[in-house]
Amino acid sequence: MQTVIESSGICKKFGETVALDNITFNVGESEIFGLIGPDGAGKTTLFRIITTISLPDSGSMKVLGLDAIAGFRELRRRIGYMPGRFSLYQDLSVEENLEFYATVFGTTVKENYDLISDIYSHIEPFKKRLAGKLSGGMKQKLALSCALIHKPDLLVLDEPTTGVDAVSRQEFWDMLRKLRQHNITIIVSTPYMDEAMRCDRVGLIQGGRILTVDNPENIRTGFSAILYRIRAAEKYRLLIALRKYSGISSAYPFGDSVHATFRTGRIDESFREFLRSEGMENVTIEESPADIEDRFLELMAAVKTEQGK
Amino acid sequence: MKRFLGFVKKEFLHIFRDYRTLIILFGIPAAQIMIFGYVVSNDLKDAGVAFLDLSRDEVTQKLTDKICSSGFFRLTETLTSYNDIDKILKKGKTKAVIVFQKDFGRDLFAEGKTTMSVIADGSEPNMATLVTNYITAITTDFNIEQARAPGGAVSLISAQVRMFYNPSLQGHYMFVPGVITLIMILICALMTSVTITREKEFGTMEVLLVSPLRPTQIILGKVTPYFILSFINVIVILLLSWFVFGLPVKGSLVLLLAESMLYILMSLSLGILISTVSSTMQQAIFISMVGMMLPTILLSGFIYPIENMPWIYNWVSAIMPPRYFIIIIKDIMIKGTGFAYIWKETLILAFMTMVFIWLSIRNFRIRLH
């Protein structure tokens, strides 16, 4: 498998703030690589270096076999980029936006229509509408169509699903999976950890550092502790109570339950006693396999305690 | 080339879709011409004058008629004594009182000269100067008529006011070239700097950067539509000043249009330069308005003559492009001179244009940071 992105030791500072700290990872051909991390983790900065519009302070970035600094001209022909902010012309119609990007990249809508037809067909009925008047999900589809119109070898998507409803997010990931047939490598960032499972491989980034890179299943099974899913009528009170308990190792809210791990590993009788003393009745406790999010939170917490020391 | 045309098409769409841009582009120049031409002009129209005629003879009657029928003045009152002068001037409607001494006509025929007094309201110095100038001019005119008449007398009053290039003392002549100069640099620089910074602000520049478009293609694509529209604008202004003020172009129209193109190009490249140093639209507007409008009005010779400026302002004005274009356009429009007289100014403008373009392309960032 050929390497599409080869990042080694990338560092970038903005004044005193370290945005990227020794970023090293690879992305293989036709892969969907997810970069997961909270806001301010450095995802956008890293993507801008990959797309040649920002320069690293040190380290080397090779994209599609070319140096991202020296080969920027060639790369700009072959990369499709969708920035985090909606950046199409709001005062141009859907059709006009698409046509503009097609001509800018020296192609036509017709030529690559089959590539975008799956996505574009959703918004084609509204092709006369101004882009600024589209809903969030449609804007995102249009932006993706525009980024794809020149049949790029690498597609860089910066938080494409932020601010989009759950159904559209689902659809969006389905579309990305379909794009793999066309030999397009995709690197996508997201703050939503649940989207990690839909990538081929995932890199977890926090505070400008990559914590782990692996396929989602391996990351998930890397969870080291025994996980309990705890449920009570009042979730918030339960969470507060759990965090007070001396034997607790971690407690995070997850949907309608709280995921918790314990210093002692397994739950013992003193915990049940503690719950009773807190006045928590009807609490269900069950052992459960970890989600990928549990592993992410574990990794991130580990980094935090390390930095705390 | 196709890329470039695609870009130009997109820019035109932006302009035509945003009616505000169109208003700025075409409405403001027309409004400015009207405002400057009519309101801010140095013209007199129906200024109130009163007469104190102590002579009441044929000559004073004729001169009174001539002044009142000139269109510049309007008779407010006929006075009978000196004591009324102060009273009527204080009322404010009368800008000047013209006094004919006793035996005005007889003195004129007996001695060949006589004096009339013009008492103007000095609380409005500008108006007072205008009024006295106009009355002097009309009197001189009257003298000439009298001298030409069969058996007429020789010159009566020695005040000599001669007007070059603007014999009827019409202010529009002075203002139209100035307004064209001011509007073109404002509109061109403002619009281009705003349209480029808008892409930066809305994040579309980020996408344009990650595309095969070269800086020159982006810049030229931005400039071309505005160049075309500004040129149309110049023609509209010229037509307006022709139909509304009756201002002809004395020199070569082709030369005037060619020089206008050069000036537009200069203003556009200045706008690009502004956009490369500002990151928000607000900044770009601020620099174009404050940095260019005031200096253009004050230092380009548009209103205040450069010759009268202290030497330091004179030097500052030397780097203001409008200063040269005002000379060019006045020479062509009003004096009707040819290229031989303005090649120096043309050369300076061309040089400035090249410097601005060079600086803009050098400053244009191919990356974000």
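Let's start with contacts along chain A: of those between residues at least 6 apart in sequence, 70% join residues at least 24 apart. By contact I mean two residues whose C-beta atoms, placed from the backbone, lie within 7 Å.

Quick caveat: this is a predicted model, so local features need pLDDT of at least 70, side-chain atom pairs count only at pLDDT 80 or more, and totals for chains, interfaces and linings use all residues. Residues are numbered from 1 along each chain as its sequence is written, while chains are lettered from A and ligands numbered from 1 in the order in which they are written.

Okay, chain A overall. The C-alpha trace spans about 70 × 45 × 35 Å along its principal axes. There are 309 residues, and 40% count as buried, meaning 20 or more other C-beta atoms lie within 10 Å of the residue's own, with C-beta atoms placed from the backbone. You'll find 10 helices and 14 strands in there. Those are DSSP runs, numbered from the N terminus: H or I of at least four residues for helices, E of at least two for strands.

Now, domains. Chain A is assigned domain 1 at 3-213 and domain 2 at 227-289; the bounds come from an automatic or database domain assignment. Taken over C-alpha atoms, the two domain centres in chain A are 40 Å apart.

Next, the sheet. Four strands of chain A make an open sheet in the order E12-E13-E11-E14, with antiparallel pairing. Strands count as paired if DSSP finds at least two bridges between them. At the edges sit E12 (248-254) and E14 (284-288) of chain A, each pairing on one side only. From one strand to the next, the twist averages 25 degrees. Zooming in, E11 (227-231) of chain A pairs with E14(A) over five bridges, antiparallel, and A:Leu227 has A:Ser288 in E14(A) as its bridge partner.

What lies across E11, E12 and E13 of chain A? That's helix H8 (235-244) of chain A, running at about 165 degrees to E12(A). For angles, axes are lines fitted to C-alpha atoms, for helices over the stretch in contact, and the range is 0 to 180 degrees between N-to-C directions.

Last bit: the partner chain. Here 23 residues of chain A contact 21 of chain B. On the chain A side, H2 (72-78), E6 (79-82) and H3 (94-104) each supply at least two residues, and H3(A) gives the largest share, four residues.

Definitions and conventions: Buried ≥ 20, exposed ≤ 12 C-beta atoms within 10 Å, placed from the backbone.
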